[in-house]
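Open the model in your viewer and keep the selection tool ready.

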Amino acid sequence: MTNRNVQAMDEARRSASFDSKKMAEAIYGREEHNRHITAFQRVEQALDTADNMKLPPCYRDMNRQELLLEGLRTGKVVYEDGVDNNCGVFEYVTHHGSLANASPFGLMRFLFIPPVKQLGTDEQIAQWVPLAEAGKIIGSYTQTELGHGTQVRGIETTATFDKETDEFVIHSPTLSSTKYWPGGLGVVSTHTLLMARMILDGKDLGVHAFIMQIRSLDNFKPLPGIELGDIGMKMAYNGTDNGYAIFNHVRIPRTNLLMRHCQVARDGSYTSNPLRQKLAFGGMLSGRGIIARAATFQLAQALTITTRYSVIRQQGTLSPLGEPTAIIAYKHQHSRLLSLIAKSYISLLAWKSANAASADLKSRQERGDHSTLPYIHMLMCGLKAWSTQTAADGAEEARKMCGGYGYLAISGFPEIAASVTATCTFEGENFVAKYLLKGFDAKKLPADMAYMSEYETVAEDKEVCCAAGEDLLAHDALQEIFDYRAATSAREVHEAVKASERAGKSRLEAENTHALQLHVAARAHIERFILSAAVWQLNCLPAATPSAIKTVLGRLISLFGLTAIASPLEPFASSFLGYGYITSSHLKDMQKQIDDLLEVLLPDAIALTDAWSFSDASLASALGCADGDICARLLAWTRQLPINVEAAKNGGVFKKGWEENIRPFLNRDLSHLDVKAKL
């Protein structure tokens, strides 16, 4: 059986139309891909997880404290690898591919060092950043409170300046001001970047950022006036210590206020750059891009496991001779699988374009140009929302495609699905639409909305898409359809909001009334960007890129576009049907093209997932190892589970369960009952 499985996997790899290593270079870049492989090999060697027949440590029986201890053990190795090798591979992700905040040390490079660099003076950066980079302090980011999350304006924690002592007094004035949820805060961090309301001479100057030491570096106790703790088990991320903090008039030096864009002098006078909020806000947008990329890779992890399982797992037959059939051959299986693989690639390509746009904003802001900030804010919020929701839904779908085995912890799916679901919540809710309304309110549409001016009279024109048959595979034809939907959806909801305002509602009330329509319009606009960005990235591939790579990426883009419009499994497909631009005839043609794409892409499924270059140890899946030896590995890992190891020591008896409950249950005195059954 093992040889058959391994042979089936080898055959699936040989059927590909392209070299998966060349595709990996398109995903990562050649040098980055080599660094990626080497870094994972180093860490897995240090953690002793390279043997894929050995049960990964994460599947041993562990309580809350033991899970955190394991997170500390692995996080220490990963962080030190980055320091010792000057390597940034694990800057934003863990050795399992989760977002870096799944590690107790992960927030240092994700949400501690970057804000210090963005908001601190050169002197403050020189003071704090080298300590954090070298691991001499452990930093976290403390914003969320019991009563307030990403709504920064609602934060209640205060930082009141005391002129006499030249200190800020940090205080939690209410129960709801308790800091609650920040990663690394509960038991691990020595320092945190604290968001608190600055109070000067009784005046509230809004939320500012402070560096605050919270634990002693000698005995690690919380500093006086600070209560810290862990918030307990979560659906995932249990290798880190999401925590709470309560401050009781804790004093910190005035110079701990991050002062690049605002200053408090010794006499208590306050000055700030008029663009302080824009400068601070623009620098924080990169976090959303990091989340979008991490979610995309976690979706790819789930799809890698499912694809490999689907090649090996046999059920029923499609053969006239009755030979068993691999489940990947069934249309319902590979149509879902390949459509999700297409989404994973398109999500990555879109992220690359958005990341470049974000880098351009940073460069502009350094020159005093903030003109693209509203656009980049919308773009990063929208892409983060789309990517994380797509990844969360896709990972769960991938789990279900593995049947009962996908429900096992050792499949890897429970951790992947739960951790990627968390990314939907990070950085706020997934509704971004105000930008579109403001765009229509303006005298001139923003540059990224300019295409909408071409669709001002669509309701009257009764225009119908002119593409048909194979022409619907063309990226420009798909772009036209996506543009049409986005423009008409946005214009329609803007008119509805304005009508509600004319009827006497406030703008906020009108937005709430039409919230679902706004959500559809926002999604349409961001999906329009995603498609155009993917096509742009394809066209910008280096000239030396093999034509086979360009061909398969082009097919994935077409599959993404067509399934978004015509797949009965897509929840927003109906939004393409407004005003009759897409007809039933188009949908039939599209379904035919989808079927043809699925047929030609099916032999590439393994290569498309191999190209992500996930190591067996990083997947931590008995179903998803590269060799395809699923049955042998499932049994080997199952035998190594602590409950089975312990039972084996006692002749196959789960001793404690037998002695405390099973034996008393079987031997219960039933003489008081009329029971006649006997063995």
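**Stop one: the cores**

Select Met23, Ile27, Tyr345, Ile481 and Ile530: these touch the most other members of the largest nonpolar core, which has 127 residues. A nonpolar core here is a set of buried Ala, Val, Leu, Ile, Met, Phe, Trp, Tyr and Cys residues joined through side-chain atoms within 4.5 Å. Buried means under 20% relative accessible area, exposed over 50%, and partly exposed in between (1.4 Å probe, protein chains only). Now colour helix 9 (residues 331-366), which gives this core its largest share, 14 residues. Helices are DSSP runs (H or I, at least four residues), numbered from the N terminus.

This is a predicted model: local features need pLDDT of at least 70 and side-chain atom pairs count only at pLDDT 80 or more, while totals for chains, interfaces and linings use all residues. Residues are numbered from 1 along each chain as its sequence is written, and side-chain values use heavy atoms, with hydrogens and water left out.

Zoom in on Ile481. Leaving aside neighbours within four places in sequence, Ile481 is in contact (heavy atoms within 4.5 Å) with Cys465, Leu472, Ile565, Phe576, Tyr581, Ile582 and Met590. Then pick Ile137, Ala209, Leu258 and Ala280, which are among the 37 residues of a second, separate core.

**Stop two: the cavities**

How many cavities of 30 Å³ or more does the structure hold? There are 2. A cavity is a set of points on a 1 Å grid over the protein atoms alone where a 1.4 Å probe fits but cannot get out; lining residues have an atom within 4 Å of a point. Grid points are joined across faces, edges and corners, and a volume is the space filled by probe spheres set on the points.

The largest cavity holds about 140 Å³ of space. Select Val78, Tyr79, Phe90, Glu91 and Val93, the closest to its centre of 14 lining residues. Helix 4 (residues 64-85) supplies the largest share of that lining, 4 residues.

Move to the second largest cavity, about 40 Å³. Show Arg485, Arg523, Glu527, Ala564, Glu570, Phe572, Ala573 and Phe576, which line this cavity.

Colour domain 1 (108-275), domain 2 (281-628) and domain 3 (641-666); the bounds come from an automatic or database domain assignment. The centres of domain 2 and domain 3, taken over C-alpha atoms, are 49 Å apart.

Finish at Thr551, in helix 17 (residues 547-566). Thr551 counts as partly exposed because its relative accessibility is 38%.

Key: On a 1 Å grid over the protein atoms alone, a cavity is a set of points where a 1.4 Å probe fits but cannot get out, and a pocket is an open set with protein on both sides within 12 Å along at least five of seven lines; lining residues have an atom within 4 Å of a point. Helices (H or I, at least four residues) and strands (E, at least two) are DSSP runs, numbered from the N terminus.
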